[in-house]
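These are my notes from a reading of one model, taken in the order in which I looked things up.

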Amino acid sequence: MKFINYLTSISGIGIFPLISLLIFFIFFVVLFWYVMRADKIHMNNLAAMPVNENQDNSKPISKQ
Amino acid sequence: MTNNQPIEKFSYDNNIVKWFAYATILWGIVGMTVGLWVALDLVWPQLNLGLDFTTFGRTRPLHTNAVIFAFVGNGIFMGVYYSLQRLCKTRMFSDKLSWIHFWGWQLIIVAAALTIPLGFTTGKEYAELEWPIDIAIAGIWVVFGWNMFGTILKRRERHLYVAIWFYIATFVTVAMLHIVNSFEIPVTLFKSYSWYAGVQDALVQWWYGHNAVAFFLTTPYLGIMYYFVPKVANRPVYSYRLSIIHFWALIFLYIWAGPHHLLYTSLPDWAQSLGVVFSVMLIAPSWGGMINGLLTLRGVWDKVREDVVLKFMVVAITAYGMATFEGPLLSLKSVNAIAHFTDWIVAHVHVGALGWNGFLTFGILYWIIPKMFRTELYSKRLANMHFWLGTLGILFYAIPMYWAGFAQSLMWKDFNDDGTLANKFLETVTEIMPMYALRGLGGLLYLVGVIMMTYNIIKTVKMGSFLANEEAEAPALAKTYAIHGKEHWHRWIERRPVQMLVLSLVMVLIGGIIEFVPTFLIQSNVPTIASVKPYTPLELEGRDIYIKEGCYTCHSQMVRPFRSETARYGEYSKAGEFVYDHPFQWGSKRTGPDLHRLGGKYNHSWHYNHMLDPTSMSPGSIMPEYPWLFERKVDLDITGKKIKAMITLGVPYPAGYENQAAADAMKQGQEIVDQLRKEKVQEVYPLAADDEIVALIAYLQRIGTDIKAKPQTAQK
């Protein structure tokens with residue numbers, strides 16, 4: 001059995017690439033939006049996680 | 001900051017980290033020693049020792065598998081087991097799983113170290129291991145993932161630090177790559193055929209091969225970088241924002257870049273272009289990561305002068321930057337036309353392997369061992385010497401290889417005024433021999449450095465007292481999580497490992513789907529050629545010997561559509577010629593010439609003498625001798641099984657042909673024997689129709705001849 005048979009048996013497979021592209025595009029637009037607007041203190045706390053291993057980060061870090 | 005939850009006491013498991021550290025050192029020495037050996041094979045071919053187990057075609061895959069999966073593999077697990085516990089503020093989920101993972105992985109390495117020299121190989125680069133070992137790898141990988149997720153789920157830290165995202169993406173993507181590329185149909189316990197054929201096999205293989213670089217050599221090490229560089233420098237990561245973009249963009253873009261290994265081949269042009277575009281884009285996240293790593297050291301550069309660990313890390317990150325600048329450059333078609341199949345690629349991967357993976361591993365070892373053994377490093381002086389020897393080693397490795405690659409490529413493409421090729425292939429090899437010798441020196445320097453490090457670490461271990469269970473305490477994670485105000489979805493996902501895994505998988509699936517589906521579905525992507533027929537049973541057996549001996553490690557079977565190649569080898573290769581090639585054997589490096597138009601080029605006796613002693617036909621050749629092919633017999637008992645497997649894979653042999661295959665093989669073998677006798681070869685062993693050499697000649701005389709049935713020209 002050639003491999004192609006497994007793919008052709010998926011109905012509507014032609015739309016897969018288009019859906020994929022849309023997921024990609026929307027994801028990155030939203031990601032950039034988030035990163036640009038992210039809270040600075042929160043980001044700084046996260047950046048210091050390896051250094052501040054003994055700090056309690058279990059609670060959400062609120063804006064000061 | 002305080003928490004209402006009670007403070008819990010627990011301990012970090014250093015023991016497992018220690019053992020992975022020891023394993024990475026041990027396999028590093030083994031893998032690099034074999035590397036030095038294969039490098040010197042090219043300078044002194046007698047180092048092949050005239051034994052099948054020790055020829056280049058088998059020792060080279062041994063080297064690549066050892067350094068990638070044994071040295072770097074154990075390095076990954078060392079880094080992950082150390083950092084994950086601390087970032088999650090918990091012990092590993094299960095000590096038992098940790099040990100199953102450790103010993104399972106070492107057993108797989110031993111199995112690889114035994115089977116590859118014995119010639120059990122799938123013939124697919126960096127995925128040579130045969131199907132039972134493939135299944136074991138999948139099993140142990142699941143154990144690793146299970147242990148990792150168990151740890152993440154019982155964490156005492158709400159937020160998943162970016163390093164953990166890289167670990168999660170590594171786990172899920174390597175699992176996907178390994179499973180998809182390892183689809184194969186077993187014939188015997190140690191022989192299988194790739195499920196895919198020709199162009200499709202090539203696309204899947206390089207999607208795997210490239211992303212093995214991405215998700216085994218890069219993403220886990222980036223995670224490790226994001227933990228250890230801030231830790232050692234005692235500075236926060238330069239930009240956490242950048243790390244978020246770095247992560248998503250890197251995993252998304254990387255998965256598309258595989259086809260840049262197949263430029264100017266028979267892969268459909270649109271797939272090649274996609275590979276190029278995404279490879280060029282890849283420079284952005286790669287350099288984002290490099291900059292983030294280096295700028296984490298802002299303000300502490302004076303420490304870099306003092307601290308040998310930071311020195312190793314800085315060179316590692318710089319090597320990462322260089323390799324990821326060079327990668328997109330090599331993906332440009334015009335540059336690739338020069339670099340592909342040459343030693344330039346070998347230089348490129350070694351900047352990554354020796355610089356990025358090697359130096360980051362050494363840096364971590366120098367930091368982690370004294371810490372776990374509660375002592376100082378035995379000798380900083382020795383570590384500094386290692387640093388300089390290693391750096392020199394990289395330079396002595398890379399520069400001669402760049403030179404060799406460039407020189408050889410220009411010589412391949414050089415024409416005389418009368419339009420004939422200026423250089424024979426062998427002349428382009430002998431020209432660069434001094435560069436091969438220098439490269440060997442580079443490898444030796446690097447290896448000496450590693451041995452010095454081993455001595456230094458043994459001494460440190462003897463001086464210190466090991467802290468097997470490192471006590472720690474942290475408040476338990478509150479069951480309910482109060483969100484303050486409106487929360488963005490990305491922050492939501494930063495706390496959720498399973499969703500992170502699913503989203504990472506979706507990201508890496510997109511590129512694969514877009515590239516695979518059309519290549520598999522659309523007929524016009526692989527135009528069929530009516531004159532291309534399945535291999536005869538004897539040719540198939542000969543092809544299996546070709547695969548077993550690892551001929552693909554030095555010979556390509558892909559004539560690119562360049563004048564310099566069609567003039568040297570003949571008609572350029574067409575996609576339709578490979579439809580029965582399970583697996584494809586296009587190769588990636590031309591230490592010897594391309595073989596796709598070898599069929600019919602020489603007579604049988606030429607091949608007979610050449611395999612016995614290559615220098616008898618090509619004086620100065622550095623190809624190993626293959627004396628064992630003359631005394632060993634093909635096992636015709638399984639020929640029928642092989643034909644049956646091929647029929648299952650869709651190769652159009654007549655129904656029931658498996659019962660006749662062995663007899664046909666003997667018949668064809670006898671014809672070749674008769675012809676060899678007619679050509680008056682000196683029989684080292686009495687010739688027989690089922691000799692391995694006879695089967696190999698049958699295959700070599702067949703390669704690329706199908707389209708010669710109908711003459712075609714390169715011009716339209």
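Predicted model: local features only at pLDDT ≥ 70, side-chain atom pairs only at ≥ 80, totals over all residues.

Entry 1, confidence. The average for chain B is 92, and 96% of its residues score at least 70. I then asked which helices mark the lowest and the highest confidence in chain B. The lowest is helix α17 (residues 489–493) of chain B, with a mean of 73, while helix α1 (residues 14–41) of chain B is the highest, at 98. I noted that residues 711–716 of chain B have a pLDDT below 50. Beyond near neighbours in sequence, that stretch makes 5 contacts in the model. For the complex, I recorded an ipTM of 0.71 and a pTM of 0.92 from the predictor.

I find 25 helices and 4 strands in chain B. Its radius of gyration is 27 Å, close to the 27 Å that the globule rule gives for 716 residues, so chain B is as compact as a globular protein of that length. The C-alpha trace of chain B spans about 90 × 50 × 50 Å along its principal axes. I looked up burial next: 55% of the 716 residues of chain B count as buried. Considering contacts in chain B between residues at least 6 apart in sequence, I note that 84% join residues at least 24 apart.

I examined helix α11 (residues 308–331) of chain B, which has 24 residues. From first C-alpha to last it reaches 35 Å, close to the 34 Å expected at 1.5 Å a residue. Is α11(B) largely enclosed or largely open? I count it as largely enclosed by the rest of the structure, because 18 of its 24 residues are buried.

I take chain B as divided into domain 1 (158–477 + 492–513) and domain 2 (537–709). The C-alpha centres of these two domains of chain B lie 35 Å apart. Where they meet, 25 residues of domain 1 of chain B are in contact with 34 residues of domain 2 of chain B. On the domain 1 side, I find that β2 (184–188), β3 (191–194), α6 (198–233) and α15 (425–431) of chain B each supply at least two residues. I classified the residues of that side as 16 nonpolar, 7 polar and 2 charged.

Conventions: Residues numbered from 1 in each chain as written. Chains lettered and ligands numbered in written order. Domains from an automatic or database assignment. Contact = placed C-beta atoms within 7 Å. Nonpolar A, V, L, I, M, F, W, Y, C, P; charged D, E, K, R; others polar. pLDDT = per-residue confidence, 0-100. Expected span 1.5 Å × (residues − 1). Buried ≥ 20, exposed ≤ 12 C-beta atoms within 10 Å, placed from the backbone. Rg over C-alpha atoms; globule rule 2.2 N^0.38 Å.
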